[in-house]
Amino acid sequence: MIHLAGVTASLASVPLAMAQSSKPAAVPAPASDVVSFIINGEPRELSLDPRQSLLDVLRERLDLTGTKKGCNQGACGACTILVNGKRILACLTLASMYSGARIETIEGLEKDGELHPLQRAFIEHDGLQCGFCTSGQIMSGLGCISEGHASSPQEIQYWMSGNICRCGAYPGIVAAVADAARRT
């Protein structure tokens, strides 16, 4: 108590004029980078803060909210997308690093009203419950299949271990990826 009282007393003794005269230093506006992407087959060009993550650009600038912000630390996989056919975690990726890249998100999978075969397999095998992780799971599953890592349930589990499902729908997820891999 005595220590706190001392701090309070010292703060109270700062003259009002001195407290009012301290103005925060002006922070310069960040530079902008002009970047272009092909997102879900559509060319896009944006002026971006070079510090923005690809996840934030997709969600906040382009309204592609299917890619989820889970942990924002690269630990859950909810933000998995495909860039030039390779799966990446969009929360750990600066958007400006991928100018010219071909980016695929969950919104780009259905074609002409038809779900992608992996999306259908997720429904058929109950590979989702609450749905929060589903877009990241599907995009990671597509990467897993295209990388040739879907020949057994054990291999699928290993190569998709970075995608967390808090509901525990793992058996359905693995079955869906294995089924879609057999069909392709």
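Guide: Two strands count as a pair if DSSP finds at least two bridges between them. Keep that in mind. The model here is a predicted one.

Visitor: How many bridges join strand S1 to strand S5?

Guide: First the general idea. Strands of a sheet pair through backbone hydrogen bonds, either parallel or antiparallel. Now this case. S1 covers residues 33-39, and S5 covers residues 102-104. Two bridges link them, and the two strands run parallel.

Visitor: What is the bridge partner of Ile39 in S5?

Guide: Look for Ile103.

Visitor: In what order do the five strands form the sheet?

Guide: Read across it: S2-S1-S5-S3-S4. The sheet is open, with mixed pairing. S2 (42-48) and S4 (86-89) are its edge strands, and each pairs on one side only. On average, neighbouring strands are turned by 40° against each other, direction ignored.

Visitor: Which strands does helix H3 touch?

Guide: H3 spans residues 54-61 and packs on the sheet. Its contacts are S1, S2, S3 (80-83), S4 and S5. The direction of H3 makes about 105° with that of S2. Helix H5 (residues 134-146) packs on the sheet too, touching S3, S4 and S5. The direction of H5 makes about 40° with that of S3.

Visitor: Now the pockets. What volume has the largest pocket?

Guide: About 200 Å³. Its lining holds 18 residues. Nearest the centre lie Phe132, Cys133, Ile164, Cys165 and Arg166.

Visitor: How many residues of that lining are nonpolar, polar or charged?

Guide: The lining has 12 nonpolar residues, five polar ones and one charged one.

How values were computed: Residues are numbered from 1 along each chain as its sequence is written. This is a predicted model: local features need pLDDT of at least 70, side-chain atom pairs count only at pLDDT 80 or more; totals for chains, interfaces and linings use all residues. Side-chain values use heavy atoms; hydrogens and water are left out. On a 1 Å grid over the protein atoms alone, a cavity is a set of points where a 1.4 Å probe fits but cannot get out, and a pocket is an open set with protein on both sides within 12 Å along at least five of seven lines; lining residues have an atom within 4 Å of a point. Grid points are joined across faces, edges and corners, and a volume is the space filled by probe spheres set on the points. Ala, Val, Leu, Ile, Met, Phe, Trp, Tyr, Cys and Pro count as nonpolar, Asp, Glu, Lys and Arg as charged, and the others, Gly among them, as polar. Helices (H or I, at least four residues) and strands (E, at least two) are DSSP runs, numbered from the N terminus. Axes are lines fitted to C-alpha atoms, for helices over the stretch in contact, and angles run from 0 to 180 degrees between N-to-C directions. Contact means heavy atoms within 4.5 Å.
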